Amino acid sequence: MGAVKFVLHSSPCVDGVSVDPEPDWSFDALVSELNALEAKLATTSVTSSQFKKTMPTGKRGGERAKPFVLRAQEFDLDDTESDDDGDNKALVPGKRFNCDELYLSDSDDSDVSAFDVQSYLMDEGKEVESALFELAQEHQLRVNDEIRTKISALETALANESQNSTSALLRVEKYKESRQEQDKKLDTQYQRRIAEALDNHLTAVQRDRELRSQIEERKIRSDAAYEEAKRKVALQEEKQQQEKAKAEAEAKLRAEEAKRAALEAERKAAMDAKRRAAMEAEKRAAAEAERKAEKEAIERGATGTQQESAVHSTDDVSSLSNAETKEYGNLYRAAASALNLESQRLQKLKELCERNQAIKSSSNQDYSRYEGHISRLIRQIRGVIDNVRSKSNELTKILRDPQCPQSISIEIFAKKFISYCANLGNAPFASGYVIVLVTSQVPPAMDVLLAELHKACLYTVPKHMVYKKSIFQSKESYFKTIGYREDGGKLESTQDYLNRLESYMKVYGALVQTEIQGVQNLHGLREGWAWLARFLNNLPANQYTAVSLNAFLQMAGFALYRRYKSQFVKLLNVVSQNFLVDLKARQIPELTRTLLEIETYIKDKKFLEEPEGRRLEANLLSSKSVNY
């Protein structure tokens, strides 16, 4: 059974009035609306052509509604499907209701009369066209809605993106400003740190310079104080030497007076005169015999043969000692040749000092600079080859300096070296090397140095002064004469004197045994051999001579044995059988250590071992020792 289906389409406006304000009406709403229209048309007497009135806008606000078109279609009422599936239903021809000429109004006050409306349905031939048109209109509406929706969405997205971009730019600007501010702060902090570091560096540099300046000032003051102290010590030593010389002169004067008194007493008796003449003859014979014996002994020692020497046995040496011993004015025990050599050296020293005194008095030149330089070089002597060479060269250069008279530089060199030798830690072997090297270039310096050494230590002659109450008023006067030092009106102890005596003798022993290839030692082993022979022939055994002999053997014994072999051993036998026996007989407790050292040296044959320090070291950091 067929039914009519009404399809609403948008239709053109009639004079700007939309006939269909609501295109999606339901069927009941459409029927109701049609009934209302018929009621209005029945009451209206005016035809549609007489009306020109604008219809109200549609539901889409702002859009002009299209004219209302009513289409009636015939459909099957038996179909149970809903209207939404109308695309699958077969459409039947229907009539189209055209309301283009109608004027519709909701107002009851209209002056237009009703007019007749011819109602008719759509032709069946135009059903497909109407359906297609309707679908096209619906599709266009949907497309427009989608376009509007997308445009709206795009506009919203564009606005959001613009807002986000603006916000991002603002954040970037703020971040840039904050970074600039932070960089400025960091730059300020960095510049401040640089300024502080620079200030600290400059402060440290200034402090370092001030510290160095203070150190230099202290050093200058220390050197000045040291030089002043040395000058005072030198003046004091010179004063003591003058006092010593004065005391010696007074002692000699007293001795001469005593001698004259003795001579006057001897003249009173003829027997005394004859005895004195006999003694003089005997002394001359003894001196001649001594000179001959020493000459033969030295010649035998120099050739190094194994022939019999002057010392054949203990009895021979004892008899030789008794024959050669010479007492000058009953005051000195020494060989005449040794005293002659001492006298010659002292005379050279005296003449040198007088010449220097004349030079200094006639010139205003100050030689303290040379004195300080020489003293400093001598104090810096060490047992190292490079040190010995450099100090020797510098000292030789000073002694040859034309700006300073050589006699003055030689005197300063001799006095400073002897003053340095008084210390126990004076490196005796190194000192011997320096003395030999310097005196080989400046020969006059050797005799002056030995003269100063004889003045400081009479056992380097060798000679011994006998204590006699008739000559010395007291023991103190005797001690001063043999070399005891006085400090503050009080004499030094015997142990201090023996220590200084040992230092002098070690330097003397190191000097005579020094041998340098290509360099002549002006006071070498030959003089050392003569010293030992004169010592054993003339000097008594006591604490002074024991210390002197021990120090000499410790330094020069090795070299003397290498040169004289068995002859040196025979002299050691004389020491063991005569000197040590006499020394033990004195029973001096202070000599126990020295006596034991001499006995050990001879018994254990220490002269076969090279003494420590004789070979100079290659450098301070090396334990290797080499021959110079």
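Reader: Where does C353 lie?

Author: C353 lies in helix 5, residues 336-362. Helices are DSSP runs of H or I of at least four residues, strands are runs of E of at least two, and both are numbered from the N terminus. A word on the basis: this is a predicted model, where local features need pLDDT of at least 70, side-chain atom pairs count only at pLDDT 80 or more, and totals for chains, interfaces and linings use all residues. Residues are numbered from 1 along each chain as its sequence is written, and side-chain values use heavy atoms, with hydrogens and water left out.

Reader: Why is C353 called partly exposed?

Author: Its relative accessibility is 25%. Buried means under 20% relative accessible area, exposed means over 50%, and partly exposed is in between (1.4 Å probe, protein chains only). So C353 counts as partly exposed.

Reader: What makes helix 5 oblique to helix 8?

Author: Helix 5 and helix 8 (residues 406-421) pack at an angle of about 120°, with their axes 9 Å apart. Axes are lines fitted to C-alpha atoms, for helices over the stretch in contact, and angles run from 0 to 180 degrees between N-to-C directions. Under 35 degrees counts as roughly parallel, over 145 as roughly antiparallel, 65 to 115 as roughly perpendicular, and the rest as oblique. That makes helix 5 oblique to helix 8.

Reader: Which residues make the contact between helix 5 and helix 8?

Author: Helix 5 supplies L352, C353, R355, N356, I359 and K360. Helix 8 supplies S407, I408, I410 and E411. Contact means heavy atoms within 4.5 Å. By class, this contact has five nonpolar, two polar and three charged residues. Here Ala, Val, Leu, Ile, Met, Phe, Trp, Tyr, Cys and Pro count as nonpolar, Asp, Glu, Lys and Arg as charged, and the others, Gly among them, as polar.

Reader: How far apart are C353 and S407 in sequence and in space?

Author: They are 54 residues apart in sequence and 8.1 Å apart in space, C-alpha to C-alpha.

Reader: Why are helix 14 and helix 16 called roughly parallel?

Author: Helix 14 (residues 543-564) and helix 16 (residues 592-603) pack at an angle of about 30°, with their axes 9 Å apart. Helix 14 and helix 16 are therefore roughly parallel to each other. In the contact, A546, V547, N550, L553, Q554, G557 and F558 of helix 14 meet T594, E597, I598 and Y601 of helix 16. By class, that gives six nonpolar, four polar and one charged residues.

Reader: Is E492 buried or exposed?

Author: E492 has a relative accessible area of 18%, so it is buried. It is found in the loop between strand 8 (490-491) and helix 12 (494-513).

Reader: What joins the side chains of E492 and R500?

Author: A polar contact of 2.7 Å joins them. The term covers a pair of N or O atoms within 3.5 Å; within protein, one must be able to donate a hydrogen and the other to accept it, and residues adjacent in sequence count only if both atoms are side-chain atoms. Beyond four places in sequence, E492 is in contact with G483, Y484, R485, Y497 and R500.

Reader: Why does L501 count as buried?

Author: L501 has 2% relative accessibility, so it counts as buried. L501 lies in helix 12. Not counting residues up to four places away in sequence, L501 touches C457, Y459, Y544 and S548. L501 and A422 are 79 residues apart in sequence and 7.7 Å apart in space, C-alpha to C-alpha.

Reader: What makes Q587 exposed?

Author: Its relative accessibility is 68%, so Q587 counts as exposed. Q587 is found in the loop between helix 15 (566-586) and helix 16. It has a positive phi of about 55° although it is not a glycine.

Reader: Which peptide bond is cis?

Author: The bond joining V461 and P462 is cis, with omega of about 0°. P462 lies in the loop between helix 10 (444-456) and strand 6 (463-465).
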